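Here is a short briefing on one protein chain. Look over the sequence and the model, then work through the points by topic.

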Amino acid sequence: MKTITVKYGVDQITKQVEDGFTFGDLQDSDTFKAALGFGDNTKTLVDGIEQNRDTIIPAGTTVRIETAANTKA
């Protein structure tokens with residue numbers, strides 16, 4: 001288990017997650033969605049840099065969730 005902090009808007013939550021927990025798992029997590037109120041169209045950032053969904057979140061990381069802009073092809 002490891003502890004991560006997740007921020008969305010002015011709200012934040014610090015929670016323990018499994019060691020293999022990825023940024024994609026965070027974006028899909030109903031627990032974090034319910035606690036912070038974000039939807040499905042999001043991106044994850046660490047220190048302002050967007051993270052890949054498959055990357056494992058290191059222990060002690062602070063992740064900022066932002067609503068992703070809609071794009072048209």
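A residue is buried when its relative accessible area is under 20%, exposed when it is over 50%, and partly exposed in between (1.4 Å probe, protein chains only). The model is predicted: local features need pLDDT of at least 70, side-chain atom pairs count only at pLDDT 80 or more, and totals for chains, interfaces and linings use all residues. Residues are numbered from 1 along each chain as its sequence is written, and side-chain values use heavy atoms, with hydrogens and water left out. Helices (H or I, at least four residues) and strands (E, at least two) are DSSP runs, numbered from the N terminus.

**Salt bridges**

- A salt bridge puts a side-chain nitrogen of Lys or Arg within 4 Å of a carboxyl oxygen of Asp or Glu.
- The whole structure holds 2 salt bridges.
- One of them joins the side chains of Arg53 and Asp28, at 2.8 Å from N to O. Arg53 sits in the loop between E4 and strand E5 (62-67), and Asp28 in helix H1, 25 residues apart.
- Asp28 is partly exposed because its relative accessible area is 47%. Arg53 is partly exposed too, at 38%.
- Asp40 and Lys33 also meet in a salt bridge, at 2.4 Å from N to O.
- Is Asp40 buried or exposed? Asp40 has 66% relative accessibility, so Asp40 counts as exposed. Lys33, at 17%, is buried.

**Aromatic pairs**

- Rings of Phe, Tyr and Trp (its six-membered ring) pair if their centres lie within 6.5 Å; planes under 30 degrees apart are stacked, over 60 edge-to-face, and the rest tilted.
- This rule gives 2 aromatic pairs.
- Tyr8 and Phe38 make a tilted pair, with 5.7 Å centre to centre and 55 degrees between the planes. Tyr8 is in strand E1 (residues 2-8) and Phe38 in the loop between helix H2 (30-36) and strand E3 (42-46), so the pair ties together parts 30 residues apart in sequence.
- Phe38 is buried, with a relative accessible area of 4%.
- The ring centres of Phe21 and Phe32 are 6.2 Å apart and the planes are at 45 degrees, so this pair is tilted. Phe21 lies in the loop between strand E2 (11-17) and helix H1 (23-28), and Phe32 in helix H2, 11 residues apart.
- Phe21 and Phe32 are both buried.

**Strand pairing**

- Two strands pair if DSSP finds at least two bridges between them.
- E1 and E2 run antiparallel and are joined by 7 bridges. Tyr8 stands opposite Asp11 in E2.
- The hairpin of E1 and E2 has 2 residues between the strands, and Gly9 there takes a positive phi near 65 degrees.
- How many bridges pair E1 with E5? The pairing is parallel, over 3 bridges. Thr5 has Thr62 in E5 as its bridge partner.

**Two loop residues**

- Thr22 is found in the loop between E2 and H1. At 13% relative accessibility, Thr22 counts as buried.
- Contact means heavy atoms within 4.5 Å. Leaving aside neighbours within four places in sequence, Thr22 is in contact with Arg53, Asp54, Thr55, Ile56 and Ile57.
- A polar atom of the Thr22 side chain lies 3.4 Å from the backbone oxygen of Arg53.
- Asp47 is in the loop between E3 and strand E4 (49-50). Asp47 has 76% relative accessibility, so Asp47 counts as exposed.
- Asp47 and Leu36 are 11 residues apart along the chain, and their C-alpha atoms are separated by 19 Å.

Technical notes: Polar contact = N/O pair within 3.5 Å; in protein donor to acceptor, adjacent residues only side chain to side chain.
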